[in-house]
Amino acid sequence: MSAIFEVQQLRRNFGGLVVTNDVSISMAKGDRIALIGPNGAGKTTFVNLVTGNLKPSSGSVKLAGEDVTALNSMQRVRRGLVRSFQVTRLFYDMTPEEHVSLAVLQREGKSGRMFGSHAGMPEVMEETYDILGTLGLTALARSRVSEIAYGQQRLLEIALALALKPKVLLLDEPAAGVPQSDTGRIEQALEKLPADLAVLMIEHDMDLVFRFAKRVVVLAAGTVIFDGSPSDVTNDARVREAYLGSYANAGSAA
Ligand SMILES: Nc1ncnc2c1ncn2[C@@H]1O[C@H](COP(=O)(O)OP(=O)(O)OP(=O)(O)O)[C@@H](O)[C@H]1O
């Protein structure tokens, strides 16, 4: 299958420090990839390079065959390369319904409409409730964000990303800060993401990584040291040395 997303030889230096070292990753429609690695491995830098928040020193990013390396992050979002929003960007007095419907309107270039006027637009509300349903948020659609649990706020971030109709979705630690008792809810929601969407997730919770990912990419010191199946990753000597060893020793994933 042809790649929907292709990163080739992406490199970023900060002074003399090579933080992203000629990283190449490609994804097909429907891929579910977890990007893992120890603290400081370069995961966040990689995502920033891919989204256009940071300029690479060299290398390229292609989306659906188009080279988007020279485009800014908004231009990449419009083409379908979307990163999940952060809880810090939610409005606590607004409801999930309002958040998602406004995101749908924004995607359609109609964000200038008066707040609330979209309630009469059946197609916007239908799409809003489809997305909220996917994330298991329908029952909370009209609650204020301030009244819903943190794990559900994190799901709302993903709902906002889906409202932009991504081809490729980058999830930055969707379970971070979520109590263990609620991670099952995140996992169930991730399972219901559209089948043809390519998803790349950075996550520290190794249980979630192993349940979600069909493929695992391991970064260490800016270099891809493993790209393969979850069943092989734990047996790989370099990975054990670079990552899982430190995970076991430190007692925390990163
Ligand atoms: N703007 C910058 N200037 C200099 N060095 C930087 C900059 N941004 C990141 N780094 C360095 O790049 C390396 C990779 O950082 P990055 O945050 O991408 O790692 P990470 O894998 O996301 O780590 P973590 O899991 O702790 O979030 C670190 O050594 C960091 O100190």
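This is a predicted model: local features need pLDDT of at least 70, side-chain atom pairs count only at pLDDT 80 or more; totals for chains, interfaces and linings use all residues.
Biologist: How many bridges join E1 to E4, and do these strands run parallel or antiparallel?

Modeller: Five bridges join E1 to E4, and the two run antiparallel. In general, the strands of a sheet pair through backbone hydrogen bonds, either parallel or antiparallel. Two strands are said to pair if DSSP finds at least two bridges between them. Helices (H or I, at least four residues) and strands (E, at least two) are DSSP runs, numbered from the N terminus. Within this pair, Phe5 stands opposite Leu63 in E4.

Biologist: What is the strand order of the open sheet of four strands?

Modeller: The order is E2-E1-E4-E5, with antiparallel pairing. E2 and strand E5 (66-67) are at the edges with a single partner strand each, so one side of each is left without a neighbour in the sheet. Strand E1 (residues 5-14) and E2 are joined in the antiparallel sense by seven bridges, and Phe5 stands opposite Met27 in E2. E1 and E2 form a hairpin with two residues between them, and Gly15 in the turn has a positive phi of about 60°.

Biologist: Which strands does H1 lie across, and at what angle does it run to E2?

Modeller: H1 lies across E1, E2 and E4, running at about 60° to E2. For such angles, axes are lines fitted to C-alpha atoms, for helices over the stretch in contact, and angles run from 0 to 180 degrees between N-to-C directions.

Biologist: What is the order of the open sheet of six strands?

Modeller: The order is E6-E7-E8-E3-E9-E10, with mixed pairing. The edge strands, E6 (81-83) and E10 (223-228), each pair on one side only. The twist from one strand to the next averages 20°. H1 packs on this sheet, touching E3, E6, E7, E8 and strand E9 (215-220), and its direction makes about 150° with that of E7. Strand E3 (residues 32-36) and strand E8 (residues 198-202) run parallel and are joined by four bridges; Leu35 stands opposite Ile202 in E8.

Biologist: How many residues surround the ligand?

Modeller: A residue is near a molecule if its C-beta atom, placed from the backbone, lies within 6 Å of it. Here 12 residues surround the ligand, the closest being Phe14, Val19, Lys43, Thr44 and Thr45. Strand E2 (17-27) and helix H1 (43-51) are the elements that give two or more residues to this shell. H1 contributes the largest share, three residues.

Conventions
Residues are numbered from 1 along each chain as its sequence is written. Two residues are in contact if their C-beta atoms, placed from the backbone, lie within 7 Å.
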